[in-house]
Amino acid sequence: MDPLESVKITFFQECDEHLATLEGDLLAMEESAGDREAIDAVFRAVHSIKGGAGAFGLEALVSFAHVFETALDHMREGRLAVTHEAVQIMLRANDILADHVEAAKSGADADAAAAAAMMAELNALSPGEGGEAGGDDALDAGGTAPDELGFVPLKMDIADIGGDDTASDPAADDADWVVTFAPHARLYATANDALILLRELTRLGESDVSLDASALPGLDEIDPEGAYLSWTVRLLASCTEDDIREVFDFVDGDCTLTLERATGDGQGAGGSGDAADELPPADELGFRPVQIAIGEDDAITSPVAESDATPASAEPAASAAPQAASPPPTAKPAASPAASATIRVDLDRVDKLIDLVGELVINQAMLAQRVSETVIANDSNVSMGLDELEQLTREIQDSVMAIRAQPVRIVFQRMSRVARECASATGKQVRLVTEGEGTEVDKTVIERLSEPITHMLRNAVDHGLESPERRAEVGKPAEGVVRLSARHQSGRIVIDVADDGGGINRERVFNSAVEKGLVSADATLTDDEIDNLIMMPGFSTAQEVSNISGRGVGMDVVKRSIQELGGRLSISSEPGVGTTFSLSLPLTLAVLDGMVVSAGGQTLVAPLTSIVETLQPKADAVRRIGPNRTVLAVRGAHVPLVDVGVAMGWRTEPLPATEGVAILVDSEVHGEAALLVDGIQGQRQVVIKSLEANYQHVDCIAAATILGDGRVALIIDVESTIGSNLRGATPAEAKELLAAAG
Amino acid sequence: MSLSILTVDDSRMMREMLLLALSEQGFVVTQAEDGVEGLEKLNSASFDVIITDINMPRLDGFGFIEGVRADEKHRATPILVLSTEGDVEKKTRAKTAGATGWIVKPFNAEKLVSAIRRVSA
């Protein structure tokens, strides 16, 4: 890869890191009432994005970041108060900054109008100068805001040190220069070196250097850190004044520098530098003309003592010694948490490791099985060693999975923007409260969380919260609260999106469902059942089509995408108090606790999370509906009984129900149902191997795994297995099935 | 000649960029993420040139430069400030702290190398 490309990738990674913390830092800034550390953190992040953007010529990003940074600088310097309003504007500015970064990533253009409007808002924050502030500072900042100033950030007009291009300067023709250079002690205190400067100067062309050592005191009076020498350089080369000044760029103010034309009218066109104005009178520096013969210039040009011989009493002659105002060079007590020791590892390597550990788990299981098939006693050394190996393998697996685990904060952080945008689009006031951001879940799950949560959040703001007027009527504060929380619960992660709105209007939901033919008008449904209608395909209670929560997608789609991850979505609502959507997901998509079953002579794995119970069907509990559908009575209710062997196509005739085992599962789409299998082999954790990645998608199958005996077992996709049974049912059968299910 | 250079910058991207530009010249680069880490590196090693950013967490460039200069063995080490800010007040502050030179970001490699040549023997 082009090395610069890799730096660019780093830049965007860093941008993402900054953007991820910026919002929290902005809020912290407001909460801490303008604490300097908090403002500094925000400033640094924006500053850093700007700096990097400049390096890659991302001009739109640079100009926007610059204006943002300027406003922050005003805050930092106390010229702009950290008010709620100002922070609100900056939060929105942060959104636009994120847009710019995204646009820059893809090489697209960000929304220029939105950026311009925000820049105007930010400029308006700046005290006094109004819109002027940005432009002026941009100039100071070395021209890093080309859009505003109309010039390119990288100035290339600085003459090459060699001075080859100076011929183009008419003033340089035939011009010799006489440069006098008298360093102050301060020049040496900043580790500049007269020798190097002279060397650079003489590189400009043929030159004649003479030393004036007349100011050098006697040895007994010499201050090792003083400055006593000066030089006159006659440059025979033609070069510009700028060429010469650039050599002395770093020591401007720390030396007396004069430039004169040696030819022409002899008037000294160059004049003395700014430094001359600051030159203290010679006697202040203790200059005393003493003649000393000096053999080599080099030996004495750098009086900064590098040996231990520096006398303790020797104060640097002109160094600004008492720097009392400056902070001591020790670390400030870290307000930000100390950087924990981390390393960056390529994700591919982690994935590879996880894969390998998966193999190890399978291998260990195979070994255990083989040993158990031999005649080795349970308390033998081999068996006990194997037990330890199993324990160890499990621990390694957990540890490796932990490497890929990430806090949900990454997803939650993006949500305040979603809430903000949704609130402004619906004219509602929303405060998003997040809890449990530190809850960790596998990266592969994290990546797929964003969409459903975004949707649930939009739904909560759009449909859940009442309008400010309505809230006022019922005595609630105008600002609605949406609570986004995450926690671990029995090996899964549970994420709640709870609003404090009016709750689900069950009457309206029910009527709407009847209208759409989802339920019959005379059906008696519990509150829970009505609530769940919201997540049925084709349902929407919105009076008018809203593109806020929906974007053309219903809650049913959200539910399905969550189910694809092995998750569940549930809903609870209380009239007048609010609605909570709860989403529960496995912590990882790499391993699964499963029940190993056999059906049609094959071994299959049913995900444990969806299993409610297993039972042996009794003859009188089984009812046949139509030619090939069956329901099972479970504690008074009837659920569809699906023969797994038939669903998978391994047999055409279902197993007589009484000869098999019914696994009662909780299906998201179809409610409770029972899977009929031939028998149960056991329960174990299996490593998930994607079928799609290795073969292709197969109906009724979620994935595959390798069992202890080396056989490949398919993992049942509960939803589609049950669905396959219901699909193609005649209307009469469907009605009967529905009625049977209650 | 292969110079040893310490770069102090909180931006990983900037550190990588410097590494790229400097190692091309055959310079040996040591990196630090902020002033505190920079001073730590200087505890155990000396460098021909130090390049530092100004805006950094924990210890900023000004504090870092003062810290370097406070150590007798690094008093003669040239320190170049590499910052997006180029205003006179900041430059003066850096100089007062003991900075040798100043380069405004975004830098180009030639300019950077020429600046290094201008401060290193």
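Asn192(A) is located in the loop between helix H8 (185-189) and helix H9 (194-202) of chain A; helices (H or I, at least four residues) and strands (E, at least two) are DSSP runs numbered from the N terminus. The model is predicted, so local features need pLDDT of at least 70 and side-chain atom pairs count only at pLDDT 80 or more, whereas totals for chains, interfaces and linings use all residues. Residues are numbered from 1 along each chain as its sequence is written, chains are lettered from A and ligands numbered from 1 in the order in which they are written, and side-chain values use heavy atoms, with hydrogens and water left out.

With a relative accessibility of 4%, Asn192(A) counts as buried (under 20% relative accessible area, with exposed over 50% and partly exposed in between; 1.4 Å probe, protein chains only). Its side chain reaches the backbone oxygen of Thr100(B) at 3.0 Å. Neighbours within four places in sequence aside, Asn192(A) is in contact (heavy atoms within 4.5 Å) with Leu187(A), Phe250(A) and Val251(A), and with Thr100(B) and Val119(B).

Over all chains, the structure holds five aromatic pairs. Rings of Phe, Tyr and Trp (its six-membered ring) pair if their centres lie within 6.5 Å; planes under 30 degrees apart count as stacked, over 60 as edge-to-face and the rest as tilted. Phe11(A) and Phe12(A) form a tilted pair, at 5.1 Å centre to centre and 50° between the planes, and both residues are buried. The ring centres of Phe11(A) and Phe56(A) are 5.7 Å apart and the planes stand at 40°, so this pair is tilted. Phe11(A) lies in helix H1 (residues 3-31) and Phe56(A) in the loop between helix H2 (36-55) and helix H3 (59-76) of chain A, so the pair ties together parts that are 45 residues apart in sequence. Phe56(A) is buried, as is Phe11(A). Phe11(A), Phe12(A) and Phe56(A) form one aromatic cluster.

Charges also sit over rings (NZ of Lys or CZ of Arg within 6 Å of the ring centre and within 35 degrees of the ring normal). Arg76(A) lies over the face of Phe43(A), 3.6 Å from the ring centre. In chain B, the charged end of Arg93(B) is placed over the ring of Phe62(B), at 3.9 Å from its centre.

Chain B has five helices and five strands, in the sequence pattern β-α-β-α-β-α-β-α-β-α. Of its 121 residues, 66% count as buried. Among contacts in chain B with a separation of 6 or more, 60% involve residues 24 or more positions apart.

Methods. Polar contact = N/O pair within 3.5 Å; in protein donor to acceptor, adjacent residues only side chain to side chain.
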